Amino acid sequence: QPLSYYISLFCDACVPIFAFVSGYGLYYSYCKDSNAFLTKNIKRSKKLYIRYWVVLLVFAVLLGWILNKDGYPGDWQKFLLSFTGISPKYNGAWWYFTIYIAFIFTAAFWFKLLDVINPYLYLSLLVLVYVIAFYFRVYHTPIFENSIIVWLHTQSALYFCTLLQFMLGAFALKYDWYREVFVFFRRLRFRNLLAILGIVLLIILHSLVPNFIVAPFTALAFIFLFLQIDLSKIFNIGLDFFTPHSTNLWLIHMFFYMIYFEAIIYAPQYPILIFTWLVLCCVFASFIINLIIKKIENFI
């Protein structure tokens, strides 16, 4: 297989990384003021829904109508299920939207358990739940025929399959995992090289175990290895540039490379060029989306 295959295989860590950051950030908010946690989460969900609705109306409805794409915007049932976030149908990457909203309003329960249960026992139970949920998500999906029960089965499998990754973020904050890893690496020479070699080793290990059941663990290792690399100021500025666009890129990238503009995105033919071209297109669209959102927020 070409190298791009193994790199793309390793990139199934994207959602676990997103979930880790979600858990880390929400637990930080919970620790800062648990009494205001629910109020803050309601505001957080409102902001996310506004962004989500703008993307949905622009890409799924408006572009779908202009480009006359089959199934876009589709019937009213498809639109309403997507619009509410109950079951997004327009974009495969949107499944995490529903799960994230669920995490926002259930996180307090899991965080309270983190404060009272033995951490080793809690982590072991989360791993067990993850393995069971992974089985029902991937290997045992067609159990029911009733559409409502099918939805409950699907969302439950996705939720509990992502819970481990979400709670790893909370564990990392509570027990200061970053400091532990940081202190260890500060004792070593050639820290950057060792961290990069560690990431390369993760890619190799995942190529030997291609099943994405390992994604939460490769993601966790990648996060802490990446954080040990002393990045240049220019590189950090480059990463900071994407900060206001990251959520938009998640919500819109699949419209570009799979739904509407597949031929245009894949025209360069080489993986690095395709990826760069895709990111450029998404960032350009993200500027427009952020402009629309700013107008809406100012109006509100």
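This is a predicted model: local features need pLDDT of at least 70, side-chain atom pairs count only at pLDDT 80 or more; totals for chains, interfaces and linings use all residues.
**Notebook: salt bridges, cores and spaces**

Started with Lys174: it is partly exposed, with a relative accessible area of 34%. My scale for that uses a 1.4 Å probe and protein chains only: buried is under 20% relative accessible area, exposed is over 50%, and partly exposed is in between. Residues are numbered from 1 along each chain as its sequence is written, and side-chain values use heavy atoms, leaving out hydrogens and water.

**Salt bridges**

I looked up what Lys174 pairs with, and found a salt bridge to Asp115, with the closest N and O atoms 3.3 Å apart. The pair joins distant parts of the chain, Lys174 in helix H7 and Asp115 in helix H5, 59 residues apart. Helices here are DSSP runs of H or I, at least four residues, numbered from the N terminus. Asp115 is also partly exposed, at 42%. The rule I used for a salt bridge is a side-chain nitrogen of Lys or Arg within 4 Å of a carboxyl oxygen of Asp or Glu; the count comes to three.

How far apart are the closest N and O atoms of Asp230 and Arg186? They sit at 3.9 Å. Asp230 is in the loop between H10 and helix H11 (233-241) and Arg186 is in helix H8 (residues 177-186), so this pair ties together parts 44 residues apart in sequence. Arg191 forms a salt bridge with Asp230 too, at 4.0 Å between the closest N and O atoms. Arg191 belongs to helix H9 (residues 191-208), 39 residues from Asp230. Asp230 is partly exposed at 45% relative accessibility, Arg186 at 29% and Arg191 at 24%.

**Nonpolar cores**

Next I went inside. A nonpolar core means buried Ala, Val, Leu, Ile, Met, Phe, Trp, Tyr and Cys residues joined through side-chain atoms within 4.5 Å. The largest has 70 residues, and Phe59, Phe111, Met167, Ile252, Phe255 and Phe256 have the most contacts inside it. Helices that each supply at least two residues of this core include H2, H7 and helix H14 (271-299). I picked Met167: leaving aside neighbours within four places in sequence, its contacts (heavy atoms within 4.5 Å) are Trp110, Phe111, Leu114, Tyr122 and Leu126. A second, separate core of eight residues includes Ala195, Ile199, Leu225 and Ile229.

**Cavity and pocket**

I used a 1 Å grid over the protein atoms alone: in a cavity a 1.4 Å probe fits but cannot get out, a pocket is an open set with protein on both sides within 12 Å along at least five of seven lines, and lining residues have an atom within 4 Å of a point.

I found one cavity of 30 Å³ or more. Its lining is Pro16, Phe20, Gln165, Leu168, Pro216, Ala219, Leu220 and Ile223, with H10 giving the most, four residues.

The second largest pocket holds about 290 Å³. Of its 15 lining residues, Ile86, Ser87, Lys89, Trp151 and Gln155 lie nearest the centre. H7 gives the largest share of that lining, six residues.

Not counting residues up to four places away in sequence, Thr98 touches Gly85, Ile86, Pro88 and Gln155.

Terms used. Grid points are joined across faces, edges and corners, and a volume is the space filled by probe spheres set on the points.
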